[in-house]
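Could you show me around this protein, one selection at a time? I have the viewer open and am ready to click along.

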Amino acid sequence: MEQWRIFILDHHDYLMPFVSRINANGVCAYASRTLLFLRSNATLKPLVIELSLPGFSRRTTSSRVFLPASQGTGAALWQFAKAHVTANDSAHHQLVSHWLHTHAVVEPFIIASRRQLSVMHPIHRLLHPHFKDTMHINALARNLLINAGGILEQTLFTGEISMELSSELYKEWRFNEQALPADLLKRRLALQNPAHPSGVELLFPDYPYGADGLEIWQAIKTWVTDFCTVFYKDDDSVRYDVEIQAWWSEIRNIGHGDKAHEQWWFNMTTISELVETLTTLIWIASALHASVNYGQHAYAGYPPNRPVQCQRFIPREGTPLFAEFLRDPDKFYVDMLPGRFQMTLGIALTEVLSRHTSDEVYLGCRPLNWTDNKEVKQKFKKFNDALQEIEKKIVQRNRNPELKNRCGPAKMPYKFLYPGTSNTRARGGLGAEGIPNSISL
């Protein structure tokens, strides 16, 4: 603990108030905690899984603890416990990491930009490609995915309380913590280090999302800084920009109005605050969304690897259910999984979500006629060049056998944050690499 080598995957506290209602609808769900140990080679070893159910009163819980095992009854029970954890994690991924933290929270920024920034305003021109198709895809999601009786309610274990759970966790959302360095610090995966360009240093370098992400973050921030300094010469030029002030006021007071009085909002009176805001917004719309969306089919396209719900609780010794489990553990596990229709629907969903569109525009790539400002064009080329250098580094990291987390046992190289700026790269397709400019799927 003192060496920061114990990590927790925590799906306990936020789920416990909902577990009884979830299980009343025919699924078998626990609230889980998983402890993992950071080994010397930077890989994480699961130590223990705790699965909890509400007790007979609101203040009590019933918990079971499972330990890793490689053979016999213990190995089967460990497999069952992992299935329940991944069901928790799958729902949190779709409802919070994906829908809430990218699609949903960006909407107020898009609406405010359309309403408050004229099309000739430089910040409108900067942000315009990062809003491509987002409102359209969100409208489709409300009709097909997150609506009552929609695909997520039919597949995820959270069922009809899915959006209620997402809305509850929105209460914990803070815009300033969506900046990658702040997020890594909050999750104790990095330490402050002013010597690094991003201001933070990873707790362990072999963390693909963190290593690639910080370089992408810094490239975006450098581009945004270069762009803003062309049009804003001092802090007063931000403070007295009536369109920017109206834009920021609408975002705070209307778009995210239920958080209007939070103290963590930027005042939007300095160039640095504008730069941090725009960098964070572009990061969310491009790299963050790419990292949580386009790899879903690779991990969840085979339902036994990542169940989205379980139809059975883990049996207790001495019960008829435990005897059934002993007779055929593999059949018991298959029976624990969702039905054929639900699994097929889940496979189809992950395939659609993981497929790049054929007309996608990637980070660092824009039509040459988007501006006639020569200085801006030079700065944008600098941004594109930086992303191409990052691509080379990612390829080198993925080839380094000492970095155990870059490919993993399945030998799948980590390319969720590979920018994809090369004009010769194949566009579109399932699992294709590349960071789209916007949340377009």
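**Stop one: a pair on a helix**

Select K331 and D335 to find a salt bridge, with the closest N and O atoms 2.9 Å apart. Before you go on, keep in mind that this is a predicted model. Side chains of opposite charge can pair when their charged atoms come close. Now show helix α14, residues 329-336: K331 and D335 are four residues apart in this helix, so about one helical turn separates them. An α-helix has 3.6 residues a turn, so residues three or four places apart point the same way. Colour the pair by accessibility, and K331 comes out as partly exposed at 47% relative accessibility. D335 is partly exposed too, at 30%.

**Stop two: a bridge between strands**

How many salt bridges does the structure hold? There are 24 salt bridges. For another one, select E50 and R33, whose side chains meet with an N to O distance of 2.6 Å. This pair links distant parts of the chain: E50 sits in strand β3 (residues 44-54) and R33 in strand β2, 17 residues apart. R33 is partly exposed, with a relative accessible area of 25%.

Stay on strand β2, which covers residues 31-38, and click on L35. L35 is partly exposed, at 31% relative accessibility.

**Stop three: another pair and a network**

Next, select E177 and R174, where the side chains meet in a salt bridge at 3.6 Å, N to O.

Then select D212, E215, K393, R397 and R406 together, and you will see a network of salt bridges linking them.

Now show helix α8, residues 208-231. Its 24 residues should span 34 Å at 1.5 Å a residue, and the C-alpha atoms at its ends are 35 Å apart, which agrees.

**Stop four: two positive phi angles**

Most residues other than glycine have a negative phi, and most peptide bonds are trans. With that in mind, go to R188, where phi is positive, near 60 degrees. You will find R188 in the loop between α7 (180-186) and β5 (190-192).

M268 also has a positive phi, near 60 degrees. Where is M268? Look in the loop between α10 (242-255) and α11 (271-293). M268 counts as buried, with 0% relative accessibility, so hide any surface you have drawn before you look for it.

**Last stop: the cysteines**

C28 is buried, at 12% relative accessibility. Click on C365 as well: this cysteine is buried, with a relative accessible area of 15%.

Note on methods:
Residues numbered from 1 in each chain as written. Predicted model: local features only at pLDDT ≥ 70, side-chain atom pairs only at ≥ 80, totals over all residues. Heavy atoms only, no water. Buried < 20%, exposed > 50% of the residue type's maximum accessible area, 1.4 Å probe, protein only. Salt bridge = Lys/Arg side-chain N within 4 Å of Asp/Glu carboxyl O. Expected span 1.5 Å × (residues − 1).
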